[in-house]
Amino acid sequence: MKTYRIAVVPGDGIGHEIVPAAWQVLEAAANKHAFQLEKETFPWGAGYYLNTGKFMPEEGMELLKSFDAIFFGAVGLPEVDDTLPAMLYTFKVRCGFEQYVNYRPVKLLAGLESPLRNKGQQDIDFVVLRENTEGEFVQNGKIFHPDSPHGLATETNVFTRQGIERIARYAFTLASRRRKTVTNVTKSNTLIHTLAYWDHVIGQVSAEFPDIEYRKMYVDAASANFVLHPEYFDVIVTTNMIGDILSDLGGAIMGSLGLGASGNLNPEKDFPSMFEPIHGSAPDIAGKGIANPIGQIWSGALMLDHLGEHKAALEILQGIEHCTKEKIRTPDLGGSATTMEVAAKVKEWVLT
Ligand code: NAI
Ligand code: MG
């Protein structure tokens with residue numbers, strides 16, 4: 001039987017609730033489709049930091065490297081400096097394993113109403129591809145004399161030809177399997193060096209894909225269009241920070257941040273890819289058993305798809321939609337179901 005080795009990192013807060021809930025669904029799909037998921041759980045994150053002074057042990061990356069994929073919740077706790085989770089865990093894994101594609105589907109699920117009046121499933125179905133290893137988030141800067149009157153801070157974005165080309169190629173290739181449109185969301189009218197270069201390189205890559213319509217849109221206009229004309233979008237390719245922000249807006253137009261899924265992909269499979277919901281550890285609702293597990297479960301479906309288990313992935317997504325259609329919903333979607341009840345329902349559908 002085909003066996004995939006999965007590193008499971010629940011992280012902090014609701015990660016401890018939604019990751020085990022989603023895992024049940026993945027195991028059910030594996031049983032049904034005759035493959036095996038072999039999991040090893042790592043207790044890393046902000047809680048681990050409070051005990052050890054580290055988000056993951058020294059050999060953490062080396063340990064993760066041998067797995068087929070990483071199934072991740074979220075990291076961060078109110079009592080831990082919030083500049084640390086990204087630096088010491090999330091970016092470390094994304095960059096260290098060349099997970100240069102952050103794949104974030106935005107799709108109105110069956111039975112749910114978008115907060116956008118008059119917009120239905122046919123209008124909201126696109127993918128945000130966020131460049132995931134460079135750009136605004138390289139953390140290249142310094143704070144000088146913070147408490148003096150002449151204090152100053154710098155932060156320099158980094159964009160490389162290789163970094164832009166590889167995300168652009170992924171975007172055009174993906175669009176060729178979808179509705180054949182790529183929208184580059186940029187801000188090159190004001191970031192006239194980095195993002196003008198970004199546009200320049202993406203424009204060059206677009207020439208290799210004459211069958212794909214290539215459009216460019218500034219992020220301010222794109223934000224408005226997410227709300228007014230979501231049907232305009234098919235594949236969006238954008239930078240690390242713009243993609244981070246827009247994908248939360250994408251989560252919102254789906255109906256809840258708790259629905260958003262993502263894959264941090266190393267398309268070449270030289271390293272494991274990492275799958276996580278788009279939201280954080282939600283300390284405000286942690287421990288109550290009411291977090292929406294759908295973003296985590298959907299991320300699991302993306303993981304199975306990446307591993308080649310396309311049928312199992314599709315059935316999980318169908319299971320999610322049966323659940324939303326039947327109004328088995330957590331409080332963020334106006335329902336009263338618990339995390340485990342939603343996961344159990346999805347699992348039930350996967351098994352039927
Ligand atoms: P958040 O995404 O954790 O929460 C924002 C709001 O959405 C909260 O009201 C929360 O209750 C709600 N929410 C999020 N996920 C939900 C779910 N599954 N079901 C129902 N409601 C949900 O963002 P916030 O509050 O800005 O950050 C909290 C912590 O998470 C911080 O420490 C932050 O650094 C960390 N974080 C970690 C990320 C990661 O590990 N990749 C990503 C984003 C934030
Ligand atoms: Mg974010």
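**Exercise 1.** Is the crossing of α5 and α6 left-handed or right-handed? Work out how the two helices pack in this predicted model.

*Solution.*
Step 1. Two packed helices are described by the angle between their axes and the distance between the axes.
Step 2. Take helix α5 (residues 161–176) and helix α6 (residues 194–206): their axes cross at roughly 45° and come within 9 Å.
Step 3. Angles under 35 degrees would count as roughly parallel, and 65 to 115 as roughly perpendicular. α5 and α6 are therefore oblique to each other.
Step 4. As for the hand, the crossing of α5 and α6 is right-handed.

**Exercise 2.** Which residues of α5 and α6 meet, and what classes do they belong to?

*Solution.*
Step 1. On the α5 side, pick out R161, I164, E165, I167, A168, R169 and F172. Their partners in α6 are Y197, W198, H200, V201, I202, Q204, V205 and S206.
Step 2. Sort that contact by class, and you get nine nonpolar, three polar and three charged residues.

**Exercise 3.** Now zoom out: how is the chain divided into domains, and how much area do domain 1 and domain 2 bury between them?

*Solution.*
Step 1. Domain 1 covers 1–107 + 257–352, while domain 2 covers 113–125 + 135–254.
Step 2. Going by C-alpha atoms, the centres of domain 1 and domain 2 sit 24 Å apart. Domain 1 puts 18 residues into the contact and domain 2 puts in 17 residues.
Step 3. Between them, the two domains bury about 1600 Å², with 62% of it on carbon and sulfur atoms.
Step 4. Within domain 1, the residues losing the most area to domain 2 are Y100, V106 and K107, together 34% of what that side buries.

Definitions and conventions
Residues are numbered from 1 along each chain as its sequence is written. Chains are lettered from A and ligands numbered from 1 in the order in which they are written. This is a predicted model: local features need pLDDT of at least 70, side-chain atom pairs count only at pLDDT 80 or more; totals for chains, interfaces and linings use all residues. Side-chain values use heavy atoms; hydrogens and water are left out. Axes are lines fitted to C-alpha atoms, for helices over the stretch in contact, and angles run from 0 to 180 degrees between N-to-C directions. Helices (H or I, at least four residues) and strands (E, at least two) are DSSP runs, numbered from the N terminus. Angles under 35 degrees count as roughly parallel, over 145 as roughly antiparallel, 65 to 115 as roughly perpendicular and the rest as oblique. A crossing is left-handed if the near helix is turned anticlockwise from the far one by less than a right angle, and right-handed if clockwise. Contact means heavy atoms within 4.5 Å. Ala, Val, Leu, Ile, Met, Phe, Trp, Tyr, Cys and Pro count as nonpolar, Asp, Glu, Lys and Arg as charged, and the others, Gly among them, as polar. Domain bounds come from an automatic or database domain assignment. Buried area is the accessible area (1.4 Å probe) that two parts lose on being put together, summed over both.
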